[in-house]
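Please read it alongside the sequence and coordinates.

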Amino acid sequence: MPIEVTMPKLSDTMEEGKVLRWLKHVGDRVAPGDVLAEVETDKADMELEAYDEGVLAELRVEEGATVPVGAVIAVLAAPGETVAAAPAPAPAAPKPLAARAESPRPTLVRRAEPAAAAAAQRPRASPLARRIAEEHGVDLAAITGTGPGGLIVERDVRAAVAGAAGPAPPAEAPSGAKRIELGRMRRTTARRMAEAKRDVPHFYVTTDIAMEEVVRLKAELERLGGAWEGLTYTHLLLKATGLALRRVPEMNASLEGEGTLVVHEAVNVGLATAVDEGLLVPVVRACDTTPLAALVREVRALVERARSGRPGPDDLTGATFTLSNLGMYPVTAFAAVVNPPQAAILAVGAVREVPVVREGRVVPGAVMSVTLSCDHRIVDGALAGRFLRELKGLLEAPVALLV
Amino acid sequence: MSEPRVITFREALREALAEEMERDDRIFLMGEEVGHYGGAYKVSEGLLARFGERRVIDTPIAETGFAGVGIGAAMVGLRPIIEFMTWNFALTAFDQLVNNAAKLRYMSNGQFALPIVFRGPAGAAHALAAQHSQAVESLFAHVPGLKVVVPSTPADGKGLLKSAIRDDNPVCFMESEVMYALKGPVPEGEHLVPLGVADVKRPGRDVTVVTWGKMVHVSLEAAAALAEEGIDAEVLDLRTIRPLDTAALLDSVTRTHRCLVVQEGWPFAGVAAEVITRVVTDAFDQLDAPPVRVTSLDVPMPYAPNLERLVLPNAERVIAAARALLGRDAPLPQAAASVR
């Protein structure tokens, strides 16, 4: 039986992938683990590995083409097995390559000429139309041109934008304004944040946490050096959040479809991380059970991989909750946008030296404000309160973080 | 304010010459038949009687000679106006214009100014055949050091000629035999049109028709016809080919997103190519269609009037090109198809 190779979901937010380069060609023998292709996702360029053994019988997607997750992009056959011609592709799928079912003779197999393929695929559009399509995220391939010789022109793109019930075109920017085309990552962030704010009914719960003990603990651990080198508040916060989620599991949950609440077993906390191109959320696994020293090490490697643009395949998937820490900036408190389908996100401000009242007297204190943004469809105020009570307790008496 | 008088192009140019000669006695007019005959096209009629033989000078048929004499006079402080009976004859004096007029200010490190105007009719008239029908603005605009002016209306003719005479650089001023009798309102007295400033002769939203000289009138005729089918063409008259008003050009194309250049001369390496280069380079992502040009065909001008009509740009060709730019019926002409 021929085996279909599909476009895998390589990140939580990935909805489509672009085949950058085929590394195996029709007729090549493939073993599990062989890299078949390089794939561009919304976040990074990744390698697509084979899971099965066979001979590559057919490539259904040309280099440079973008297809939805789950689309068949290649077919593996047992040696000698012939494969029926590809069925007509779904409308969304790009032009398939002609099936090549001849017996495996790798040296004689001609690859598609990338330049010619690219030229044939690039829709003919005016520079103005191209710019407007980019600005509105409109796919030129889906537009029929009405300009000279069928050229896609401004009015065609405007009609497509209007047809998609998109917003009215923005007013001309004031002259002298710099126009920066959004990168793929920024576009994904923009789309997902807009969706989240539109679809998720947010509410926000804030508390102040006395941080004297954490400040002291951090200083003592830093003095020990070794495994504690590079310890930051973020590491302590990840551990405290992981433990609080274990104690209040309903917060470690997500909404599936319209009617199912999924309470996760794993406590995986996404860490909102600024990178050059925008925002990434590498996922720190098992924050509840991983010892603090191990967390320090793992988070450092994770963030490095994310910032270098070469995250591992699991680095960006599987988060059950998100932490956003702006404490390294002069930020008192802020409210973050929930990262669907998660139930909540914790926004953390800086540790501030402020006067506090203790046993009826005003004394110097170290205070940190945190704000929990919750999806009100699955989280209520009392649950948020319970979670913050646990988190506050863990940080105000932080010895549990070391267990 | 009273309505400006309506006079002919020829009278407007004569008025500019007379006013400037009155204002500055270093200015003199020299050329074939400019004095006693009053000019081959009567532009200088009456100037000999008014200013005398020292300032209105008839020459032999020797363009290289009197162009060179004019350049020498300009170098030593006079402000000559050299009339070529036509710009076709100025090709005899090409060396004087290109190697002397255009170069001496530069090569003397600015010790010599070259306040000289070369003027006369250029382009096709009627059945003047291959050697006498040439629109040569592209030839001269190619040369750094020369300014090139091609007016389209009597008022611009007067205002631009006065500015050209006052300029301290050599200016090639190209008139048109078929426009000397064109009438239009012209302000009396001091009326200056600065060099290097284009003029919107007809505002429009859909396509910028960039043109100059007598092609302005062909373009306006085409624009009127296009308006009846709902295409709103803007006609931008460059007026000065060099310096070229890039800002006005980009401003218009940024509004219309389409650029059509109408040029009387041949296509290959012409002013239209320079205009299109600037648009493509500096306003690339404003373009909603490839810029195109309508020019003379790439052949020497035939003598036969019916063939001459086929060679020259006309309103029909401008209309067809504008329609094509807007994606209506006709396909866009291929640039390479118009030249060998």
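**Notes on the model**

1. Of the 403 residues of chain A, 34% count as buried (a residue is buried if 20 or more other C-beta atoms lie within 10 Å of its own, exposed if 12 or fewer, and partly exposed in between, with C-beta atoms placed from the backbone). This is a predicted model, in which local features need pLDDT of at least 70 and side-chain atom pairs count only at pLDDT 80 or more, whereas totals for chains, interfaces and linings use all residues. Residues are numbered from 1 along each chain as its sequence is written, and chains are lettered from A and ligands numbered from 1 in the order in which they are written.

2. Chain A holds eight helices and 18 strands (DSSP runs numbered from the N terminus, with H or I and at least four residues for helices, E and at least two for strands). Among its contacts between residues at least 6 apart in sequence, 63% join residues at least 24 apart; two residues are in contact if their C-beta atoms, placed from the backbone, lie within 7 Å.

3. The interface pairs twelve residues of chain A with twelve residues of chain B. Helix α2 (residues 127–136) of chain A supplies the largest share of chain A's side, four residues. By class, that side has six nonpolar, four polar and two charged residues (Ala, Val, Leu, Ile, Met, Phe, Trp, Tyr, Cys and Pro count as nonpolar, Asp, Glu, Lys and Arg as charged, and the others, Gly among them, as polar).

4. In helix α3 (residues 154–163) of chain A, the buried residues are Glu154(A), Asp156(A), Val157(A), Ala160(A) and Val161(A). They cover an arc of only 165° around the axis, which puts them on the same side of α3(A); the arc is that of the directions from the helix axis to the C-beta atoms. Ala162(A) and Gly163(A), on the other side of α3(A), are exposed. The cover over the buried residues of α3(A) includes α2 of chain A.

5. Leu346(A) belongs to strand β17 (residues 344–358) of chain A. Leu346(A) is buried, since 25 other C-beta atoms lie within 10 Å. Leaving aside neighbours within four places in sequence, Leu346(A) is in contact with Thr241(A), Leu323(A), Val370(A) and Leu372(A). Its C-alpha atom is separated by 8.1 Å from that of Ala335(A), eleven residues away along the chain.

6. One joins Pro340(A) and Pro341(A), with omega about 5°; Pro341(A) lies in the loop between β16 (321–325) and β17 of chain A. Another joins Arg242(B) and Pro243(B), with omega about 0°, and Pro243(B) is placed in the loop between β12 (240–242) and α10 of chain B.

7. Helices α10 (residues 246–256) and α11 (residues 271–282) of chain B pack at about 60°, with their axes 10 Å apart (axes are lines fitted to C-alpha atoms, for helices over the stretch in contact, and angles run from 0 to 180 degrees between N-to-C directions). The two are therefore oblique to each other: angles under 35 degrees count as roughly parallel, over 145 as roughly antiparallel, 65 to 115 as roughly perpendicular and the rest as oblique. Thr246(B), Leu249(B), Leu250(B) and Val253(B) in α10(B) meet Val275(B), Arg278(B), Val279(B) and Asp282(B) in α11(B). This contact has five nonpolar, one polar and two charged residues.

8. The axes of helices α1 (residues 9–23) and α8 (residues 154–166) of chain B come within 8 Å and cross at roughly 25°. α1(B) and α8(B) are therefore roughly parallel to each other. Their contact has eight nonpolar, one polar and five charged residues.

9. The buried residues of helix α5 (residues 94–101) of chain B are Gln96(B), Leu97(B), Asn100(B) and Ala101(B). Seen down the axis of α5(B), they fall within an arc of 110°, so they line one face of the helix. They pack against α3 (63–75), α4 (87–90), α6 (104–107), β5 (117–121) and α7 (137–141) of chain B.

10. Most residues other than glycine have a negative phi. Glu33(B), however, has phi near 65°, and is found in the loop between β2 and α2 of chain B. Ala127(B) has phi near 55° and sits in the loop between β5 and α7 of chain B. With 17 C-beta neighbours inside 10 Å, Glu33(B) counts as partly exposed; Ala127(B), with 14, is also partly exposed.
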